[in-house]
Amino acid sequence: MVNVKISEKRNPIPQEIILGEDVSMKTWGAIQVNKSHFFPSSFQLKIDGKVIYIDPVGVEKAEQADYILITHAHPDHFSLKNIKNLLKDETQIICSKGALKKLKDIQNPIQTVKPGEQIHYEDFSIETTFAYNRKSVFLWIKAHPKSKENVGYLITTKNGVRIYHAGDTDYVPEIKELSDVDVALVPIGGDNLTMNEEEAAKIVNQISPKIAVPMHYEIKNHEALSRFEFLVNNKTKVVNLN
């Protein structure tokens, strides 16, 4: 059983980077998954004053959300407690079909999505991307099978800043279709759950974002972080937000 707690080793100060005019990104650092201190795929974006969360887990003392985006329902990506704490009457939730089942007692507007869809708002747009495993965890069993229709998100602001959150995925053919990405948030944890650092660097080098942020890894794994940064070419700046 996966047991998600707030990690004692997390950075006490949320880390924030400015991505463009009226666009910023923040993370709250490590959580504890079983006995592992783990940097999750949880981020806050601010776009023209709108507050957007992607997979909010371990989010503390945070502003309420205008939008919450959920890639899938695994507990290191999905916290019903955090989601409820971030809600206000106007909050809109966008989620994969698997996450919808865990949101049945929430009254806010919920839109389910699958890969390859687009949603347009006044200040930004969202394109959902494919996020699935090609590698099996055991025999034929995959942690994130394509049939589950989990998603990543490509968010484009009205000023043209494009932020790609990969979700939990292997290196899959559909990712190669991405273009003009400014910021790529990519998992490097491997273990037949996501891309490892070599695969993550390969896709980063293909789509050539200005910034790459590694996510979904054990914070003690300094070797994976260093190898990812070494393999990413010098067109992209690697930013570690843990």
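1. **His37.** Start with strand E5, residues 36-39, which holds His37. This is a predicted model. His37 has a relative accessibility of 17%, so it counts as buried, the cut-off being under 20%. Leaving out residues up to four places away in sequence, His37 touches Ser7, Glu8 and Lys9, then Ile31 and Gln32, and finally Tyr217, Glu218 and Ile219.

2. **The largest pocket.** The largest pocket holds about 470 Å³ of space. Its lining has 22 residues, and Phe38, Asp76, Asp191, Leu193 and His216 are the closest to the centre. Strand E5 supplies at least two residues of this lining, and so does strand E17 (217-218). By type, the lining residues of the largest pocket are nine nonpolar, eight polar and five charged.

3. **The second largest pocket.** About 270 Å³ of space lies here. The lining counts 14 residues; Val4, Gly58, Ser79, Lys81 and Asn82 lie nearest the centre of this pocket. Strand E1 (4-6) and helix H1 (80-86) each give at least two lining residues. H1 has the largest share, with four residues. Seven residues of the lining are nonpolar, four are polar and three are charged.

4. **The largest nonpolar core.** In soluble globular proteins, nonpolar side chains tend to be buried together. Here the largest nonpolar core has 57 residues. Which of them touch the most other members? They are Met25, Leu69, Tyr153, Ile155, Tyr164, Val213 and Phe228. Helix H3, residues 197-207, gives the most to this core: five residues. Apart from this core lies another, of 17 residues, including Trp28, Ala65, Phe78 and Ile93.

5. **Phe228 and its contacts.** Phe228 is one of the core residues that touch the most other members. Not counting residues up to four places away in sequence, Phe228 touches Val186, Ile188, Glu197, Ala200, Ala201, Val204, Ala212, Pro214 and Val238. Among these contacts, Glu197, Ala200, Ala201 and Val204 are buried residues of H3.

6. **The buried side of H3.** Which residues of H3 are buried? Glu197, Ala200, Ala201, Ile203, Val204 and Ile207 are. They lie on the same side of H3, because they cover an arc of only 165° around the axis.

7. **Asn233.** Look next at the loop between H4 and strand E18 (237-238), where Asn233 sits. With a relative accessible area of 26%, Asn233 is partly exposed. Asn233 and Gln206 are 27 residues apart in sequence. In space, their C-alpha atoms are 9.9 Å apart.

8. **Two aspartates with positive phi.** Asp48 is not a glycine, yet has a positive phi of about 50°. Asp55 also has a positive phi of about 50°, and is not a glycine either. Asp48 is in the loop between strand E6 (43-47) and strand E7 (50-54). Asp55 is in the loop between E7 and strand E8 (67-70). Are these aspartates buried or partly exposed? Asp48 has a relative accessible area of 23%, so it is partly exposed. Asp55 has a relative accessible area of 0%, so it is buried.

Key:
Residues are numbered from 1 along each chain as its sequence is written. This is a predicted model: local features need pLDDT of at least 70, side-chain atom pairs count only at pLDDT 80 or more; totals for chains, interfaces and linings use all residues. Side-chain values use heavy atoms; hydrogens and water are left out. Buried means under 20% relative accessible area, exposed over 50%, partly exposed in between (1.4 Å probe, protein chains only). Contact means heavy atoms within 4.5 Å. On a 1 Å grid over the protein atoms alone, a cavity is a set of points where a 1.4 Å probe fits but cannot get out, and a pocket is an open set with protein on both sides within 12 Å along at least five of seven lines; lining residues have an atom within 4 Å of a point. Grid points are joined across faces, edges and corners, and a volume is the space filled by probe spheres set on the points. Ala, Val, Leu, Ile, Met, Phe, Trp, Tyr, Cys and Pro count as nonpolar, Asp, Glu, Lys and Arg as charged, and the others, Gly among them, as polar. A nonpolar core is a set of buried Ala, Val, Leu, Ile, Met, Phe, Trp, Tyr and Cys residues joined through side-chain atoms within 4.5 Å. The arc is that of the directions from the helix axis to the C-beta atoms.
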